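Hi everyone, thanks for coming. Please have the sequence and the model open on your screens, and we'll walk through a few places together.

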Amino acid sequence: RRIDWYIIKKFLGTYFFAIALIISIAVVFDVNEWIDNFINNKAPVKAIIFDYYANFIPYFSNLFSPLFVFISVIFFTSKLAENSEIIAMMSTGLSFKRLLRPYMISAAFIAGLNFYLGAYVIPKGTVIRHNFESLYKSSKKKITSASNVQLQVGKGVVAYISQYDDKHKTGYGFSLDKFEDKKLVSHMTANVIKYDTISDSRYHWKAINYKIRTLKGMREQIKSGLEIDTVIMMEPMDLVFSKGQQETFTSPDLKRYISKQKDRGSGNVVQYEVEYHKRIASCFASFILTIIGVSLSARKRKGGMGLYLGIGLALSFSYILLQT
């Protein structure tokens, strides 16, 4: 147990030190690259620190966590081998398999931390970071409108909006068709439709200047009015798509969104499925790269740790390349 705690402390200490070192360099380069945009767009210092970099650091730390794991394992294990500490451990009858236990415990802790951050914490911060980037950093503004949107909002229910403005959560030229056995049974139109941001329901809309035609065989019933509250199974996020939107969902929200879009018959779910499974797969990368790192650097050889660090960096960048 004393050896286990010794290796765990070395592993986690080197891992967090590597993250702090690399991310601090990344922040310096990022500031240097975007300082002109921040000044020209008059970004507040408070927003730069707390809205952008406070969410920039966890996002990129989590994204490259397997890389930091790999480099950390090679670095401190090579140091142990160079100081003959691993030889001393093996001389007591400790097997290589048993030696891996503290490594796997540390990798499990990091994998669990990465999954929790990536699935529940970072997506919320990504929303704030994206909003900051659209305001002060990027020349491309956030997409806030859509035209000719048609989607299936329920079984046999198809909605259409001619123009949608996400800033005001308002759509123009709205129609809603309901089908039963491939036959039209109801047709609703409205000049304006507004999303109710006050209501607790996620699907509460207000239709203005509406008309509802209900078809029953050869009979037709028409109802019209100035305003009506209605429930339509769609949300503003279903109408406007922006680049990187999948990163702003927590994993439970992402799973629900994918299921909902598949039920609607939408084919635009591939990037959301990739994001959902990537969050899980990246956790297992910590275990795999830990085993490779220990195997590479556990033996004492001439030349020190330079060769192992070089191989480690080459494999790490290969991993990032293939992941991308």
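Let's start with Leu151, which sits in strand E1. A word on the naming: helices (H or I, at least four residues) and strands (E, at least two) are DSSP runs, numbered from the N terminus. Before going further, please keep in mind that this is a predicted model, where local features need pLDDT of at least 70, side-chain atom pairs count only at pLDDT 80 or more, and totals for chains, interfaces and linings use all residues. Residues are numbered from 1 along each chain as its sequence is written, and side-chain values use heavy atoms, with hydrogens and water left out.

Is Leu151 buried or exposed? Leu151 has a relative accessible area of 13%, so it counts as buried. Buried means under 20% relative accessible area, exposed means over 50%, and partly exposed is in between, using a 1.4 Å probe and protein chains only. If we set aside neighbours within four places in sequence, Leu151 is in contact with residues including Val157, Val158, Met234 and Arg264; contact here means heavy atoms within 4.5 Å. Leu151 and Leu176 are 25 residues apart along the chain, and their C-alpha atoms are separated by 9.9 Å.

Now for the sheet. Six strands form an open sheet in the order E1-E2-E3-E4-E5-E6, and the pairing is antiparallel. Two strands pair if DSSP finds at least two bridges between them. Take E2 (residues 157–165) and E3 (residues 170–180): they pair in the antiparallel sense over eight bridges.

Next, please find Arg279, in helix H8 (residues 270–297). Arg279 is buried, with a relative accessible area of 8%.

Last stop: Ser61, in helix H2 (residues 45–63). Ser61 is at 11% relative accessibility, so this residue counts as buried too. Beyond its neighbours within four places in sequence, Ser61 is in contact with Ile19, Ile23 and Phe68.
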